[in-house]
Structure formats: C-alpha cells, structure tokens
Amino acid sequence: MEMGIGAVKERIAGDWDWRSREYTSRSDMYLQTEEQQRLWSETLASLLEPLNPQASLGVLDVGTGPGFLALQFAGLGHQVTGVDLSENMLAIAAEKAAAKGLACTLMQGDAEALPFADASFDVVVNRHLLWTLPNPGRAMREWVRVLKPGGRLLVMDGDWTKHNMTGKQKLKLAIGNTLTFLSKGNIPWIKKGRGYDDLAHLLPFSGVDPGKVVALMEAAGMEQVKEYGLQHLLEADSRSFPLAYRWSFIETHRRFIVGGNKS
C-alpha cells in the first residue's frame, strides 16, 4: 500500500530519531581538531561576505540535526534558529548548545513547510538534507520564501551514490567498511530493515550532485548561484579521521556547497 505524505514524514522522523546518536558521533568527527574548527569558521564566514559580515544576521538552519551548522553560526555571533523533524536530534543540538554556552532557538519543523512568515531570515542554510526529502523542489521554494530580499541561501551536500564512484573509490569504500566491521563488529550506519530502503521510490535523490542543487536554486528564483569546493576541509578531515572512516566517507564521496542570493 502506498504511504501518504504524512506517514512518509513520520517514518523519516522516526528513522533519524533512531540513528541520532550514531549520526552525531560521525558528525562530531568533522570538528574534532582545532584545525577543522578554524577552517569551518573561516569558510562559513567567507560565504556570508556578500552580506554585511559585521552584522548579527538571522540564520535559519533547516534540518539542523545535532546542530552542526547552527552552532557554527551562533559561534560567529549570529542569531540562529534550527528546525528538524527529529525530536532526538533537537535534544542533542540543545545539549551541545548548552555545553558551549551558545543561544540557539530550536524547534520541530518540516523543511518542506516551514513555520515562518515570508522574508524572516537573512540566511538559510542546510547540510546533507536534500537527499532525505520527498519534495526537494518544494523545500527549495520554501527556503527562498523565508529569505529576506538580498538574503543568502547555502546548501551543503554530497553525492553518496556508488554508481558515480570510480573503481578505486568503490574499492576504498569496501575496505573502509570492512575495517569498520572488524573494529566495531558491525557497520553502524548500515542496518538491515532500517534506513530509507523502503522509501527510496518516494525520494528523488539518493545522492545530490551540485548540478541538481544549482538547477533547483535557479528554478526557485535565486541569483548568482555558485558552487564552492570543500577540498581544504576534506584535507583537514583526512589528517584527523581514522583510516576506516577516511576511506568510507572522505575519499569516496564528493562534497560541496552551493550558494545563491535572493534578489
């Protein structure tokens, strides 16, 4: 029986509730060294340069998860709101904000139907979100809707699909997963019967290439849309990640940021 959109969203929220702690442990690895933290801060600050970099901007982090981007922007002095379907993810983000002494407004919300008025934020950001959404085009239009004129949209994502990998990358992924299995007894992000397997036919993207993001942004009316590379961040990650995780996540999947401005 075909699931209605409400049931799909409940399943998505439940899946991220279930995987929240494991996902957070991997997300934290991208900020485990001073070098990684410094490079992320510098990168995000530079991406806001088309706006007034000295201002305290209103930033919306859609699909905030454990607050990776929300806390980064709050640390830069901006007024941050984070929304997510998963209550467990929001609880983790709140724990992290409290531990760092950072003020963030965190609330449950749907990336495709945001609970905010038009033109509410100077900046809208998200990270590794588009591939999880049943209606990415609708979501993009929502993100543009809540942006103020002159506002900035930043989408950070990656291509997780094996069909775009080279043979060498596929081999590294297999070795990385094997090393993880040998050290942990399982591959924690691969669980039979969980994940998005039974939702795949309802989700347009299993992985997102930058061309898709550019097209979605331009279709939603964004201007000056541009892809930004993350090689400097990936190089820092490769110096801090264990070999198994480096081969599973860094050297096998393309990651990028696409930014654009609202007229």
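**The overall picture**

Of the 263 residues in the protein chain, 54% are buried (under 20% relative accessible area, with exposed meaning over 50% and partly exposed in between, using a 1.4 Å probe on protein chains only). This is a predicted model, where local features need pLDDT of at least 70, side-chain atom pairs count only at pLDDT 80 or more, and totals for chains, interfaces and linings use all residues. Residues are numbered from 1 along each chain as its sequence is written, and side-chain values use heavy atoms, leaving out hydrogens and water.

- The protein chain has nine helices and seven strands (DSSP runs numbered from the N terminus: H or I of at least four residues for helices, E of at least two for strands).
- Take the contacts (heavy atoms within 4.5 Å) with a separation of 6 or more: 79% of them come from residues 24 or more positions apart.

**The cores**

- The largest nonpolar core has 37 residues, and Leu130, Trp143 and Leu153 have the most contacts inside it (a core is a set of buried Ala, Val, Leu, Ile, Met, Phe, Trp, Tyr and Cys residues joined through side-chain atoms within 4.5 Å).
- Among the elements giving two or more residues to this core are helix H1 (5-27), helix H5 (136-145), strand S5 (147-159) and helix H7 (210-219).
- There's also a second, separate core of 29 residues, which includes Leu47, Leu57, Ala70 and Met156.
- Not counting residues up to four places away in sequence, the residues touched by Leu130 include Met140, Trp143, Phe205 and Leu216.

**Helix H5 and its partner H7**

- Seven of the 10 residues of H5 are buried, so this helix is largely enclosed by the rest of the structure.
- Those buried residues include Ala139, Glu142, Trp143 and Val144, and the buried set packs against S1, S4, S5 and H7.
- The axes of H5 and H7 come within 9 Å and cross at roughly 55° (axes are lines fitted to C-alpha atoms, for helices over the stretch in contact, and angles run from 0 to 180 degrees between N-to-C directions).
- Pro136, Gly137 and Met140 of H5 meet Val213, Leu216 and Met217 of H7.

**A tryptophan in a loop**

- Tryptophan 131 sits in the loop between S4 and H5, and is buried, with a relative accessible area of 16%.
- Its C-alpha atom and that of glycine 207 are separated by 5.8 Å, though these residues are 76 apart along the chain.
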